[in-house]
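Visitor: I would like to learn how to read aromatic rings in a protein model. Where do we begin?

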Amino acid sequence: MATSGGLTHYLSLKSKKTNLYYMAIIAILCSFFYLLGIWHHSGGAAATSASASASLLPCSDTNPSIKSTIPNPIITLPLNTTLDFIPHHTAELLVPLSQAARAVHFPSCDPNLSEYTPCQDTQRSLKFDREMLAYRERHCPEKGEMLKCRIPAPFGYTSPFRWPESRDLVWYANVPHKHLTVEKAGQNWVRFENDRFRFPGGGTMFPRGADAYIDDIGKLINLGDGSIRTAIDTGCGVASWGAYLLSRDILPMSFAPKDTHEAQVQFALERGVPAQIGIMATERLPYPSRAFDIAHCSRCLIPWGQNAGLYLIEVDRILRPGGYWILSGPPINWEDHWKGWNRTRDDLKTEQNGIESVARSLCWKKLVQKNDLAIWQKATNHLHCKLNRKLFKKPPFCQSQDPDQAWNTKMEACLTPLPEVSDVRQVSGGELAKWPERLTAIPPRILTGSINGVTVEDFEKDREVWKKRMSHYKAIDMQLGDRGRYRNLLDMNAGLGGFAAALVDDPVWVMNVVPVEARVNTLGVIYERGLIGTYHNWCEAMSTYPRTYDFIHADSIFSLYKDRCEIEDILLEMDRILRPQGSVIIRDDVDVLVNAKSIVDGLQWTSIMTDHEGGPHVREKLLIATKQYWTSPAPDQNVRNTAS
């Protein structure tokens, strides 16, 4: 035992001595490297290193025959070198385009195409069925027919008047058509004065002006308490009804076909009023269900009582629960107007009876008919409507069709069912807040979980993101921050409408587009926020005239359409609908934008790439571009060029 104890004591003592040796060695090494570091930083090694490098690496440009044989030569910096910590991978430096890429060029189209609308081309439409006016719907060119040139503005084109002056005035050079000044001379639609058109605000059924007409409507339903925010005007003419609604904080969507009333929608857009080319024919309107607070028709010439009530059924689909349908013109008040309308009493009475019958079958309630106005109200839910199907066999409730599916979708003679409720006093889908609270309140579609993958938290986060983004946008595009410089704006991939919501205090309106290829259909949410928009497929042309928008926002649009269609075709369409001197902000992955920039340069836009608002390390970048001002040549010059 004694031997064992002595051995243990010996080993323990030896271990302690070994540890002391190690600690001493480590202390010596640390001191050595510390002193060596001080020597290097003091410049003591500079001369030695420099001379050694010079002798080993004769790098003179003047002697190209000398080549270094050292695989990894040492490179030293002069003593007075200042280290540069500025990032050299910013967006501006990420566009080293090849000469081939820079050679992309798109010539100007023929001046006769200055008002070209590819999907509403008159010659192409003649190939299609005239029944139910199907030939006036969208019929887009095939891929091989698409133009690869830039649509010119007409000679003399001038930037539109600023809002609100633009509501009443449009430059003649921008829309050189006097036809409506003659055809509608007695109805106060539009007058020609020297170099401009003046819009007195009149209409076929409101020769006293749209303002007085809206006052008449306001005496029958409440237009001022914020419960009515979104409105649709079917067969809008030059959109005077919508133009005067805007001053009452009601946001209209106006549409009319491209027909014998030449350029009516183009006039609306030049006035700064939201509008599209469109028609009620065989397909659903490109809006979600339960979108509008009111729908309006003032002598819009739509056969409401015909075709099994198909068109009123479509109005029912897009009206929110409790929404209103307003009708003026034939056959309303036919007893006083039948002679002026050149129709018989019996004919007009039959037409009105047909409309009344369809409205009852939709479970609408007729609120009032006074003078030339009649107003119906849609039910707030379908509890009673389901019971009265025993009385009204038609239209039946739709069984399987998605009520929000509205792109290239045929109308059906069936009633779109409202979301289920448990009590007759409940509003189907959830009650909307009044404007302006509606903009920031959680949309009912999100609250009820009907938008897959979008939560209340996502909505709140999106609002905060867009506050930051809009501040950044206005800093890099000074024109966007100049109140009144822009009026008509387009968001090509609107998401939850955050871009438009961030601009709500500016004198602008935004067309929020939800692409039909988007992962989530959010257009219903956008309308529930009190904003407007449409569905669209960006592989096709938009249903609008050239030079519609002052500003276009494109968020990840090229990534979305990768392998679906060509970036250059989308950019050519953007060029068509963008006004001269209008601006674009495109945000996308940096590799996508490098490709896009070469095409943008070919469109002769001025452009620059810049960093994401999160800084240079984010792969997503911004491409800021402005379309240059250019027009068709003067008519006499064009003739001389053609002759030569």
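**Reading the rings**

Guide: We begin with a count. This model is predicted. Rings pair if their centres lie within 6.5 Å. By this rule there are 18 aromatic pairs.

Visitor: Why is the pair of phenylalanine 292 and tyrosine 527 called edge-to-face?

Guide: Look at the angle between the planes. Over 60 degrees counts as edge-to-face. Here the planes of phenylalanine 292 and tyrosine 527 stand at 65°, so the pair is edge-to-face. Their ring centres are 5.0 Å apart.

Visitor: Where in the chain do phenylalanine 292 and tyrosine 527 sit?

Guide: In distant parts. Phenylalanine 292 is in strand β7 (residues 292-298). Tyrosine 527 is in helix α18 (residues 523-528). They are 235 residues apart.

Visitor: Is tyrosine 527 buried or exposed?

Guide: Buried means under 20% relative accessible area. Tyrosine 527 has 2%, so it counts as buried. Phenylalanine 292 is buried too, at 0%.

Visitor: What kind of pair do tryptophan 466 and tyrosine 473 form?

Guide: Read the angle again. Their planes are 70° apart, and the pair is edge-to-face. The distance is 6.0 Å centre to centre. Tryptophan 466 and tyrosine 473 are both buried.

Visitor: Which residue lies over the face of tryptophan 466?

Guide: Arginine 469, at 4.9 Å from the ring centre. Another ring to look at is tryptophan 163. The charged end of arginine 487 sits over that ring, 3.8 Å from its centre.

Visitor: Which residues do ring pairs link into a cluster?

Guide: Follow the pairs from ring to ring. They join Tyr172, Phe192, Phe197, Phe199 and Phe267.

Key:
Residues numbered from 1 in each chain as written. Predicted model: local features only at pLDDT ≥ 70, side-chain atom pairs only at ≥ 80, totals over all residues. Heavy atoms only, no water. Phe/Tyr/Trp six-rings, centres within 6.5 Å; stacked < 30°, edge-to-face > 60°. Helix = DSSP H or I, 4+ residues; strand = E, 2+ residues; numbered from the N terminus. Buried < 20%, exposed > 50% of the residue type's maximum accessible area, 1.4 Å probe, protein only. Lys NZ or Arg CZ within 6 Å of the ring centre and 35° of its normal.
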